[in-house]
Amino acid sequence: MDKYINVPLSDEDARSLKAGDYVYLTGTIYTARDAAHKRMYEALAAGEKLPMDMGNNVIYYMGPSPAREGRPIGSAGPTTASRMDKYAPALLDLGLKGMIGKGKRSQAVKDAIVRNGAVYFAAVGGAGALLSKSITKSEVIAYDDLGTEAIRKLEVKNFPVIVVIDAEGTNLYDTAAEKYCRE
Amino acid sequence: MAMRAINTDDITRNIREMCIEANHFLSEDMKCALKTATATEAAPLGRQILEQLQENMKIAGEDMIPICQDTGMAVVFVDLGQEIHIEGGSLEDAINEGVRQGYVEGYLRKSVVKDPLIRENTKDNTPAVIHYSVVPGDQLKLTIAPKGFGSENMSRVFMLKPADGIEGVKEAVLTAVRDAGPNACPPMVVGVGIGGTFEKCALMAKQALTRPVDQRSNIPYVREMEEELLAKINNLGIGPGGLGGSTTALAVNINTYPTHIAGLPVAINICCHVNRHAVRIL
């Protein structure tokens, strides 16, 4: 089912989304991948403040290629989410409502998704040129020294994603592959 | 016999151009395979994703935005004719300078860290991973294959026993693909190296990815295995984006080499649908 949803993601919207929904996100999201997650995790352990509030926000696991002049961003597709599995449950418990990436998640992340009524979305891996067209603005807000891995605040318009794990814990990767398995 | 001279400046310029070319334009065989897959894919969502991948390629070429933001670590195969003399400096430096210029001036992502554990970005995507072969003749063949790590991370080496035989090899390939699932950005291209030693089979698997996807092995039993494995992989149901469907791989390319009486090494190098390479002969 096609849905148009605003981000940050409200508790109600997060709970309304079901695995398999095709969703167009509009609003503000943040990027963070391996190095930024490690830093946020260390900041939390040291009792420091995170660069952005987690409450109802959505993190996109993405490190873009450089923008050409006059463009907001370069190629901007998802990276493999499982590398963030170590850090994601702590962020979900702080109110993070959605994650955009690609690939499988750990049981601990699935449990944290259900516990917090959150959502894991997949964007199409390797479609970075196409996905960049739905990003209207990009601004580095933290960890600038990390280059492509810095935390960016993105304005997105009808950014296309698919619900993979919903707030009830249904996982599209399991159900969809079974449907077409001919083994 | 007179040696043919090639200047390192020419090598740098070509590598620079090839980095940019490979990251914006897929080869014709890959485009064709994606088009065919779109026509035959069983899942509606799978077809939609395959259509998006084609749209993505169109945008990449027209607007000069890299096909994928992971513009890879630059893997370079150098087939150096033994009658060539390289002038102007070090061949390795010339290649790395080409990668540096290509990635910095071509708006490509810098994804290389200087040390695997200290992890400080080199900020120019160098060094490349370079594989040299010295071959007969007076030509220099350069193949650049920027390799993304979503799929690289799902690659495997199995040191099988001779008794495991062909069935063991097939199961190893299917295991790697099953485990890779959605992480490797399917539809994937599966490069397989069978035989040789531990490192030789891995290198063959990487080289196999540079063979056109519409070109089967010229060894009859290997060709059959490539076709059978492709069918079996596409029956796994993983599908485009891992979201279900009949297109999980576009091709299985297998290279083989003699091996030891005690061993049966098998390497599976998985590549996503952005199976990039550019080839030039100087």
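Student: How far apart do the C-alpha centres of domain 1 and domain 2 of chain B lie?

Tutor: In this predicted model, the C-alpha centres of those two domains of chain B lie 26 Å apart, with the domain bounds coming from an automatic or database domain assignment. Local features need pLDDT of at least 70 and side-chain atom pairs count only at pLDDT 80 or more, while totals for chains, interfaces and linings use all residues. Residues are numbered from 1 along each chain as its sequence is written, and chains are lettered from A in the order in which they are written.

Student: And which residues make up each domain of chain B?

Tutor: Domain 1 of chain B is given as 4-23 + 67-147, and domain 2 of chain B as 150-274.

Student: How many residues are in contact between them?

Tutor: Nine residues of domain 1 of chain B are in contact with eight residues of domain 2 of chain B, where contact means that the C-beta atoms, placed from the backbone, lie within 7 Å. On the domain 1 side, β5(B) has the largest share, with three residues.

Student: Switching to the two chains, how many residues does each bring to the contact?

Tutor: Chain A brings 39 residues and chain B brings 43 residues.

Student: Which element of chain A gives the most there?

Tutor: That is α6(A), with seven residues, and the elements giving two or more residues to this side of chain A are α5 (128-132) and α6 (172-180); helices are DSSP runs of H or I with at least four residues, strands are runs of E with at least two, and both are numbered from the N terminus.
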